[in-house]
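Reader: I would like to learn how to read packing features from a set of atoms. Could you walk me through this one?

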Amino acid sequence: MSGKKRTPGMASRAIHAGEPRERYADTLTTPIFQTSTFVFKDSRDIEEYTKGNKPRFEYGRYGNPTELIAERRLADLEGAEDCLVFSSGMMAITTTILSLVKTGDHIVITDDSYKKTLEFCRSYLQRFGVECTIVPFGDYGALDRAIKKNTRFVFSESPTNPYLNVFDLVLLKKIAKKHGVMTLIDSTIATPINQRPLEYGIDLVTHSATKYLSGHNDILAGVVMGSKELIAPIRTLHKSMGGLIDAHCCYLLLRGLKTFPMRVERMNRTALKVAGFLESHPGVERVYYPFLESHQHHDIAREQMTGGGCVVTFVLKGDMAAAKRFLDSLGMIFIGPSFGGAETLITHPATVSYYDYTREQRYELGIIDTLFRLAVGLEDVDDIIDDLDRALKLAGKRKRR
Ligand SMILES: *Cc1c(COP(=O)(O)O)cnc(C)c1O
């Protein structure tokens, strides 16, 4: 054995990273510091703090020890210098974007991004004179042409929802570097286990920690990670915006993180098996999963990702009525948004997320009547497959009156 200390693996880091070994009151688990304020011992204590000699906490909106431990642990897992935790994924995205832009700036975002992110960039930012160009996902020529002198950054999700399109991070970085613009990736669907954008030179990575990172469908949280230099101004704005996560929520995030690597590894295996099952099922028209050879970005996914994640998107054979019969025939699987939690969930974008669109508008976006997004959970893979198989059979049968 060499005397060199081994760099701990992801499973160990998800449990131990970012927390001092010497524990407050000898607790093993991270304490929930349920306080809105922190007190000074005396005038000398104030002086030491204001001179910057003694880092400490002052007021809840400026940080909390439970939150700091979560930030350090997440930074470690993503391989980032610094991390900021927020009350939701959208809070992380909007605060980050607002801290980067000023009137007269221009930003580029790909069309296959989270609906609320697109909405924020397209409508809200314009009020402040920030121009936004939306480019088709995967059209690297259009991306290259969209970047102007006043472009501040390029933002994209990868993989995307619901078709799990995968961005070529090498190409993205190459184009951004040529123009000298920043790059932001919403890596929620990939997680730091399956994709590591910072290692490709991406400047900032965001996650909705509501999904895999916390992993139990019980909290909302968000993060942004990157260099200390880039995170600092976001932290400053965060203190004004006030989208703080509370200490108890942070504890649940830390608790969820302890099993995060093993959960993702299991979901990768389950999802691949379920995707294969669906692809060979006569009641299924098409399956979208990046680690299936049939996926249009299979090669990039295999090159730049280490697992396909928990989301499997598929198209049923038949019409809207068959789609509804399928939903109504599910037993164990719950109908609901979100992914990355313990429970397997399914969404029907046509009737849920896009209910207020006309059929034409939906079809233009690829949201067809028989499209489903399945998010496999932690149940036995055979039970998930059994539930799907049963519902697919019933969907194929027309009801007799
Ligand atoms: C859920 C999600 C968000 C928003 O996160 P919230 O925690 O719900 O605010 C942003 N991006 C992606 C890719 C998501 O899946």
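Author: Gladly, and let us begin with a charge over a ring, counted if NZ of Lys or CZ of Arg is within 6 Å of the ring centre and within 35 degrees of the ring normal. The charged end of arginine 56 sits over the ring of phenylalanine 40, 4.0 Å from its centre. Arginine 56 also lies over the face of tyrosine 49, at 5.6 Å from the ring centre. Bear in mind that this is a predicted model, where local features need pLDDT of at least 70 and side-chain atom pairs count only at pLDDT 80 or more, while totals for chains, interfaces and linings use all residues. Residues are numbered from 1 along each chain as its sequence is written, and side-chain values use heavy atoms, with hydrogens and water left out.

Reader: How many aromatic pairs does a search of the whole structure find?

Author: A pair of aromatic rings is described by the distance of the centres and the angle of the planes. Here rings of Phe, Tyr and Trp (its six-membered ring) pair if their centres lie within 6.5 Å; planes under 30 degrees apart count as stacked, over 60 as edge-to-face and the rest as tilted. The search finds 14 such pairs. Phenylalanine 137 lies in the loop between strand E3 (131-135) and helix H6 (140-146), and phenylalanine 167 in the loop between strand E4 (151-157) and helix H7 (169-179), so the pair ties together parts that are 30 residues apart in sequence. Helices (H or I, at least four residues) and strands (E, at least two) are DSSP runs, numbered from the N terminus.

Reader: Are phenylalanine 137 and phenylalanine 167 buried or exposed?

Author: Both are buried, meaning under 20% relative accessible area, where exposed is over 50% and partly exposed in between (1.4 Å probe, protein chains only). Another edge-to-face pair joins phenylalanine 326 and phenylalanine 372, with 4.9 Å centre to centre and 65° between the planes. Phenylalanine 326 belongs to helix H13 and phenylalanine 372 to strand E12, so this pair links parts that are 46 residues apart in sequence.

Reader: Which residues touch the most other members of the largest nonpolar core?

Author: In soluble globular proteins, nonpolar side chains tend to be buried together. A nonpolar core is a set of buried Ala, Val, Leu, Ile, Met, Phe, Trp, Tyr and Cys residues joined through side-chain atoms within 4.5 Å. Of the 70 residues in the largest one, Leu253, Leu278, Phe314, Phe326 and Leu388 touch the most other members. Helix H11 (residues 260-279) supplies the largest share of this core, eight residues. A second, separate core of 24 residues includes Met91, Phe120, Leu125 and Met182.

Reader: What does strand E7 show about side-chain directions?

Author: In a regular strand the side chains alternate between the two faces of the sheet. Gly222, Val224 and Gly226 point one way from E7, and Val223 and Met225 the other way. Five of the five residues of E7 (residues 222-226) are buried, so this strand is largely enclosed by the rest of the structure.

Reader: Which strands pair with E7?

Author: Two strands pair if DSSP finds at least two bridges between them. Strand E1 (residues 82-86) and E7 pair in the antiparallel sense over five bridges, with aspartate 82 opposite glycine 226. Strand E6 (residues 204-208) is also antiparallel to E7, joined by five bridges, and valine 205 stands opposite methionine 225.
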